[in-house]
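Subject: Structure handover

Hello,

Here is the structure you asked about. Please open it alongside these notes.

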Amino acid sequence: MSSEAAVAPDAEGEGGVTGTEAAAAAGWRRLDRRTVLVSAVVTAGVAAGAAVPTTLGLSGRFGFGHAVAWVLAGAIALIGCAAAGDYVRWRRTRYRIGAERVELHTGLLLVKKRSLARTRIRSVDLTAHLLQRVLGLVTVRIGTGEHSGNESTLELDPVTRSEGERLRLELLERAATGTPGTHREGELAALDPRWIRYAPVSFVAPALGGAAAGAVMQVSDWFGAQGQVIDWIGDRFRDTSLLAMIVILAVAAVAAGVVGALGLWVEMWWSYRLEREPGGTLRIRRGLLTSRSVSIEERRLRGVDLVEPFGIRLFGAARIDAITTGLAKDDEEQHGDHNTLLPAAPRPVADTVAADVLRETTSPTGVPLTGHPLAARGRRLRRAFWATAAPVLVLALLGVLLTPVLLWIALACAVVGLPVGVFLARDAYRGLGHAISGDYLVVRSGTVRRSTAALERAGVIGWTVRQTYFQRRSGVLSLTATTAAGAGAYTAYDADATEGLDFASEAVPGLLEPFLERIPPAR
């Protein structure tokens, strides 16, 4: 049974009413009792994974039969303790959805009683790993979006899927927001399997390739076979030059990373759908093995961020992130992609989705931007030069003092690093821009990770104007729009001084004006 009355702490209520009856009358509910089964199965999986190396390690000292017996006994004890602990947690946990507050009581020796005001609830997210999906269970995470750690969230782990959906709809029930118009309702975007082609060109692929190589060496070290692995690799490349061996191993690592990136993309974005629900809520559903459902209230939405990592941008694609208020840091750490509205998709699709999300006829992320002066390009070129020259000079000096090998390394760094630095500097300059599009101000910057942020002008609570000595000499400055949403600050880097101040003044009239001195034109 998914939800039943919790046993109240007091044995008897007034008039001989039992604690169970009193709890039921008060609206208290329990988590699903199958949480004990989930805990036992998960612990069994962990025990099985640890059993193989443990058995091999003990068999050399006690013999294989005794090692198996000890490991099996330990696994049974571990599973039993985990199941018993979760049973106690289930017995001692109850929750209640009141008219004004959501309450959660849990704990055995130290009883925790926590509650959240319903008016402060900003998110109700549902997740379910594979075993929970098989059993029809979900974990419900209720958050207020405040920066106060775990005290700003309540987690019900687990309840039935139907109960989770009921809680999500009930707790996010709001008066309808937005006005009727040409914007789309219902489904705004759905998965296109062709988008998987962008997974191998993301930064995830090389990272996973390096992780795979490291995992091979780590696992071989656990079994005391790292030396044999290195010798085996050396035998395979005995007649191959060092450079060719490095290239082949790098290609193999990249290939492993590509396979891993494809698998990760499928796991994260399978069955992806972005919908607008009645009452003004955006809902993102996705996941293959672990299903996720994230809800974002439109009244918390302050804009969107069109993100173009370098590799994905080369193929004309971008992803869309939401800029929202009430986003706690613990949410960011545990769910790093929770605010992604659209995975990497063709740029026209991304602009269309951004317009639909913002209820605009055209996307602010697609408007022409005002470019920044040539002085901004010069600043980036100088940074690129010194970023390359500094290590080259250090290596050259060490080469003169220690060994000529470092001189060759310095030459290689200069030959490769300088063109790459110049290319990235010029690309970063081409990415700079700002504009005003209707109710939104737009700023763009970055090269490795290019970001085009469309921020609601009404959501800007302050401006920070920064101008260093070198910026003053070049006639540029950096303008940062401060907001309570998203990253908290969005900057137009190295804009023309006069043009940038006019942009800030026009974007949010009256906010910067008291601090500006208008110089009258010369007669």
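Helix 12 (residues 374–401) supplies the largest share of a nonpolar surface patch, namely five residues. Helices here are DSSP runs of H or I with at least four residues, strands are DSSP runs of E with at least two, and both are numbered from the N terminus. The patch is made by V394, L397, L398, V400, L401, L402 and L407, and covers about 690 Å². Patch residues have over 30% relative accessible area and no salt bridge; nonpolar side chains (Val, Leu, Ile, Met, Phe, Trp, Tyr) are joined within 5 Å, like charges within 9 Å. L397 sits in helix 12. At a relative accessible area of 52%, L397 is exposed. The classes are buried under 20%, exposed over 50% and partly exposed in between, with a 1.4 Å probe and protein chains only.

Two notes on the source. This is a predicted model, where local features need pLDDT of at least 70 and side-chain atom pairs count only at pLDDT 80 or more, while totals for chains, interfaces and linings use all residues. Residues are numbered from 1 along each chain as its sequence is written, and side-chain values use heavy atoms, leaving out hydrogens and water.

Now the chain overall. It has 15 helices and 19 strands. Of its 523 residues, 41% are buried. The accessible surface is about 27500 Å², and carbon and sulfur atoms hold 63% of that. Areas come from the Shrake-Rupley method with a 1.4 Å probe; for residues, only the protein chains shown count as cover. Among contacts with a separation of 6 or more, 59% join residues 24 or more positions apart. Contact means heavy atoms within 4.5 Å.

Seven strands make an open, antiparallel sheet in the order 6-5-4-10-9-8-7. Strands pair if DSSP finds at least two bridges between them. Strand 6 (153–160) and strand 7 (186–190) are the edges; each has a single partner strand, so one side of each lacks a neighbour in the sheet. On average, neighbouring strands are turned by 20° against each other, direction ignored. Axes are lines fitted to C-alpha atoms, for helices over the stretch in contact, and angles run from 0 to 180 degrees between N-to-C directions. Strand 8 (residues 273–277) and strand 9 (residues 281–286) run antiparallel and are joined by five bridges. L274 has I284 in strand 9 as its bridge partner. Helix 5 (residues 161–171) packs on this sheet, at about 145° to the direction of strand 6. The strands it touches include strand 4 (123–128), strand 5 (137–143) and strand 10 (291–297).

Last, the salt bridges. There are 29. Each is a side-chain nitrogen of Lys or Arg within 4 Å of a carboxyl oxygen of Asp or Glu.

- E187 pairs with R273, closest N and O atoms 3.1 Å apart. E187 is in strand 7 and R273 in strand 8, 86 residues apart. E187 is partly exposed at 36%, and R273 is partly exposed at 31%.
- R273 also pairs with E275, at 2.7 Å. E275 is buried at 11%.
- R380 meets D494 at 2.5 Å, N to O. R380 lies in helix 12 and D494 in strand 19 (residues 489–496), so this pair ties together parts 114 residues apart in sequence. R380 is buried at 10%, and D494 is buried at 2%.
- R29, R118, E163, R166 and E170 form a salt-bridge network.

Best wishes
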